[in-house]
Amino acid sequence: MAITNWLKGFKLDIHTPGTGFALMVLALTQVPVAIKTSAEIYCMEKVGVRTGSFIAAVKECN
């Protein structure tokens with residue numbers, strides 16, 4: 001079985017640190033949005049079961 005060199009096609013780029021930083025900032029800015037959306041979905045689920053109306057659940061939770 002031949003041993004392959006995984007780093008053969010790997011090339012360093014001058015923009016790599018900036019790209020990593022930009023992706024990290026994008027991910028961190030999406031965390032509050034994800035938390036808010038999850039809370040709204042949870043609220044709509046609970047209100048929807050109680051009232052039986054999807055429209056009422058959306059109005060109450062937003």
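Me: Why is C61 called buried?
Reply: Buried means under 20% relative accessible area, exposed means over 50%, and partly exposed lies in between (1.4 Å probe, protein chains only). C61 comes out at 14%, so it counts as buried.

Me: What kind of model is this, and which residues count?
Reply: The model is predicted: local features need pLDDT of at least 70, side-chain atom pairs count only at pLDDT 80 or more, and totals for chains, interfaces and linings use all residues. Residues are numbered from 1 along each chain as its sequence is written, and side-chain values use heavy atoms, with hydrogens and water left out.

Me: Is C43 buried, exposed or partly exposed?
Reply: The relative accessible area of C43 is 25%, so C43 is partly exposed.

Me: How do you know that C43 and C61 form a disulfide?
Reply: A disulfide is a pair of cysteine sulfur atoms within 2.5 Å. The S to S distance from C43 to C61 is 2.0 Å, and a disulfide joins them. By this rule the count is one disulfide. The angle about the S-S bond is -80°, and the link of C43 and C61 is left-handed.

Me: What does the pair tie together?
Reply: C43 lies in helix α1 (residues 16–51) and C61 in helix α2 (residues 54–61), so the pair ties together parts 18 residues apart in sequence. Helices here are DSSP runs of H or I with at least four residues, and strands are runs of E with at least two, numbered from the N terminus.

Me: Why is the packing of α1 and α2 called what it is?
Reply: The two helices pack at about 135°, with axes 8 Å apart. Axes are lines fitted to C-alpha atoms, for helices over the stretch in contact, and angles run from 0 to 180 degrees between N-to-C directions. Angles under 35 degrees are roughly parallel, over 145 roughly antiparallel, 65 to 115 roughly perpendicular, and the rest oblique. So α1 is oblique to α2.

Me: Which residues make the contact?
Reply: Contact means heavy atoms within 4.5 Å. On α1 they include C43, V47 and G48, and on α2 they include A56, A57 and C61.

Me: What makes G48 partly exposed?
Reply: G48 lies in helix α1. Its relative accessible area is 21%, so G48 is partly exposed. G48 touches S53 and A57, not counting residues up to four places away in sequence.

Me: And what is the class of A56?
Reply: A56 has a relative accessible area of 31%, so A56 is partly exposed. A56 touches V47 and T51, not counting residues up to four places away in sequence.
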